[in-house]
Amino acid sequence: MAVPRNALRKWEKVREFALGMPGATEEFPWGETVAKVNRKVFVFLGVDDGSYPLGVTVKLKDEAAHAHALTCPGAEPAGYGLGKSGWVSIPLEQKGAPAAELLCDWVEESYRAIATKRFVAELDAR
């Protein structure tokens, strides 16, 4: 299945942004792409091979951001019980999906929720 070009561009921007965060690494557990800091996932990026719809999953502790993310078309609390901790899955292929800039803001919030104070201070110093 072909991945819509617009969704793939968003996904690539979000991935690049996430991997630019201090101490961020990319890993591929369960066959999907994730970005980690201190061996902890701060964004699930799924797969980009067209086998599943493109999307991102982030942890949003800010109530307003969390509520906003859930208003996106197709967005829902993340599975496997992660939704109870503020994780939201946001599809990228649907009409009305958030812009890459907003997704990057949410990735940064998720990073700040997971990263150590030292890495957050490094990010703030940029």
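How far apart in helix α3 are E108 and R112? They are four residues apart, so about one helical turn separates E108 from R112. The tour returns to this pair below.

The model is predicted: local features need pLDDT of at least 70, side-chain atom pairs count only at pLDDT 80 or more, and totals for chains, interfaces and linings use all residues. Residues are numbered from 1 along each chain as its sequence is written, and side-chain values use heavy atoms, with hydrogens and water left out.

**Stop 1: two helices**

Select α1 (residues 5-19) and α3 (residues 100-114). Helices (H or I, at least four residues) and strands (E, at least two) are DSSP runs numbered from the N terminus. The axes of α1 and α3 lie 9 Å apart, at an angle of about 30 degrees. Here axes are lines fitted to C-alpha atoms, for helices over the stretch in contact, and angles run from 0 to 180 degrees between N-to-C directions.

Now show the side chains of K10, K13, V14, F17 and A18 in α1, which meet A100, L103, C104, V107 and E108 in α3 (contact means heavy atoms within 4.5 Å). Seven residues of this contact are nonpolar, none is polar and three are charged. Nonpolar covers Ala, Val, Leu, Ile, Met, Phe, Trp, Tyr, Cys and Pro; charged covers Asp, Glu, Lys and Arg; the others, Gly among them, are polar.

**Stop 2: the core**

Next select F42, V43, V56, I90, W106 and Y111, which touch the most other members of the largest nonpolar core, a set of 38 residues. Such a core joins buried Ala, Val, Leu, Ile, Met, Phe, Trp, Tyr and Cys residues through side-chain atoms within 4.5 Å. Buried means under 20% relative accessible area, exposed over 50%, and partly exposed in between (1.4 Å probe, protein chains only). Helix α3 gives the largest share of this core, six residues.

**Stop 3: salt bridges**

The whole structure holds four salt bridges, each a side-chain nitrogen of Lys or Arg within 4 Å of a carboxyl oxygen of Asp or Glu. Select R15 and E26, whose closest N and O atoms are 2.6 Å apart. R15 is in helix α1 and E26 in strand β1 (residues 25-27), so this pair ties together parts 11 residues apart in sequence.

Move to E27 and K36, a salt bridge at 3.0 Å between the closest N and O atoms. E27 is partly exposed at 32% relative accessibility, whereas K36 is buried at 14%.

Finish at E108 and R112, which form a salt bridge of 3.0 Å, N to O.
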